[in-house]
Amino acid sequence: METIDCAIIGAGVVGLAIARRLALAGREVVILEAEDAFGTHTSARNSEVIHAGIYYATGSMKARLCVQGRKQLYQYCAEHNVNHQRIGKVIVACDETEIAGLKKYKAQAETNGVDDLRLLTQAELAEMEPAVRCVAGFLSPSTGIIDSHGLMLSYLGEAEDRGAMLALSSPVLSGKVGSDGIVLNVGVGGAEPMTVKCRTVIISAGLNAPAVARTIEGIPPSTIPPTYYAIGHYYTLATKAPFNRLIYPVARPDWLGVHVTIDLGGRVKFGPDFEWTDRVDYKFDERREASFYKAIRHYYPGLQDGTLNPGYTGIRPRITGPDEPVQDFTFHGPADHEVKGLVALYGIESPGLTSSLAIADHVAQLAGI
Ligand SMILES: Cc1cc2nc3c(=O)[nH]c(=O)nc-3n(C[C@H](O)[C@H](O)[C@H](O)COP(=O)(O)OP(=O)(O)OC[C@H]3O[C@@H](n4cnc5c(N)ncnc54)[C@H](O)[C@@H]3O)c2cc1C
């Protein structure tokens, strides 16, 4: 049987950040990825926003790792030439009833250590974002945009420079916790799976993380959270960007509302919306068009008929369901499941991309590395 020092299950942005972190610490790393390329799931289907850390609950892992990860990410991008832009974002109240929500954000942001938000006067808003209809707003100067594929390439390149290996088309099918390591059965296309014994295993399998954990005998089932999926659609704008920054309306309790992001090529995207689903199916449901026009015109009344094009979808990996409070990022180390050498990541939805470097540090600590 082959032996591996550290196996990382999943080559999304988080798995690759962890691979880089462990490889830099001098560990031998193999990344096991089910697909035939890295980063084809949630890491390729998100808003590519570097979040400031405004919304997340006080003391949550999301708040802590987003604020810390955002600082690390800007520094990393500058040092490694990853394409990004500190474009800034404006959060707007479209009528008087939304102003209370806006004030709550400012207070929450300050509690989270985001201390650069600036309230804008209506005159400033009109000058900065003339296309946006609103009565109040504030600027988040440290919100940015990033080339997520470029980031993943950079993480992978650094990990490989330190000897890490990416094994594509290598789904982890099952496993077993033993006294001297964790055995994984990996599908490599042949009749029989390949069996490898690992000293450290990191489950970073995104939407599939609880399912992967359930196939590994010896992880107490009671510690594995349930799986829920929530799909979000993005429409793109056919015309030139009428905005200079990202525009976010006041959010709903469990998602951020149909907001405006601009990619590094200057293309405007609206979304994502939010709907529970029971499967990983990225098919675009074009029946959403009318609801997008309505939501967008709330703050951008100049939106012309016929200018929205279907873009793409992404699916949020949730571990709490409808009518339950929104989960935090969840990390289970040996203290949680009593399996030596195992760290499992669950529910790594937004702001997982922003937080990736901070998550990698946290996981390394849980793994005792
Ligand atoms: C709609 C949407 C918008 C978002 N916008 C933002 C944003 O603007 N900013 C931000 O910071 N965050 C954002 N996020 C969150 C961010 O995209 C994710 O947190 C991040 O991409 C998660 O990365 P990951 O590596 O955990 O998961 P993934 O990218 O899903 O990677 C998991 C990998 O595991 C592999 N895998 C699964 N099962 C197995 C198996 N059995 N064996 C081997 N490999 C396996 C998969 O093939 C996949 O490649 C958004 C998320 C969504 C859904």
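The chain has nine helices and 21 strands. Helices (H or I, at least four residues) and strands (E, at least two) are DSSP runs, numbered from the N terminus. The radius of gyration is 21 Å, close to the 21 Å that the globule rule gives for 369 residues, so the chain is as compact as a globular protein of that length. This radius is taken over C-alpha atoms, and the globule rule is 2.2 Å times the number of residues to the power 0.38. Residues are numbered from 1 along each chain as its sequence is written. The model is predicted: local features need pLDDT of at least 70 and side-chain atom pairs count only at pLDDT 80 or more, while totals for chains, interfaces and linings use all residues; side-chain values use heavy atoms, with hydrogens and water left out.

Along its principal axes, the C-alpha trace spans about 70 × 40 × 40 Å. The accessible surface of the chain comes to about 15700 Å². Carbon and sulfur atoms account for 50% of that surface. Accessible areas come from the Shrake-Rupley method with a 1.4 Å probe; for residues, only the protein chains shown count as cover. Buried residues make up 57% of the 369 residues. Buried means under 20% relative accessible area, exposed over 50%, and partly exposed in between (1.4 Å probe, protein chains only). Contacts (heavy atoms within 4.5 Å) were also counted by sequence separation. Among those between residues at least 6 apart in sequence, 72% join residues at least 24 apart.

At 22% relative accessibility, Glu48 counts as partly exposed. Ser169 likewise has a positive phi, near 50°, and is a residue other than glycine. Ser169 sits in the loop between β9 and β10 (172–178). With a relative accessible area of 36%, Ser169 is partly exposed.

Helix α5 (residues 148–161) has 14 residues. From first C-alpha to last, α5 reaches 20 Å, close to the 20 Å expected at 1.5 Å a residue. The expected span is 1.5 Å times one less than the number of residues. At the start of α5, a side-chain oxygen of Asp147 reaches to within 3.2 Å of the backbone nitrogen of His149. The buried residues of α5 include Leu151, Met152, Tyr155 and Leu156. Their cover includes α1 (13–24), β2 (29–32), α2 (61–80), β8 (144–146), β9 (165–167) and α9 (356–366). Just after α5, Gly163 takes a positive phi of about 95°.

Two cis peptide bonds are described here. One runs from Gly271 to Pro272, with omega near -5°. Pro272 lies in the loop between β17 (268–271) and β18 (275–277). Another runs from Ser350 to Pro351, with omega near 5°. Pro351 is in the loop between β21 (342–346) and α9.

Thr143 is placed in the loop between β7 (136–140) and β8. Thr143 is buried, with a relative accessible area of 0%. Leaving aside neighbours within four places in sequence, its contacts include Val49, Tyr74, Arg86 and Leu246. Ala344, in strand β21, is buried at 0% relative accessibility. Ala344 and Ile203 are 141 residues apart in sequence, yet their C-alpha atoms are 4.6 Å apart in space. Not counting residues up to four places away, Ala344 touches Ile203, Thr330, Phe331 and His332.

Notes:
A polar contact is a pair of N or O atoms within 3.5 Å; within protein, one must be able to donate a hydrogen and the other to accept it, and residues adjacent in sequence count only if both atoms are side-chain atoms.
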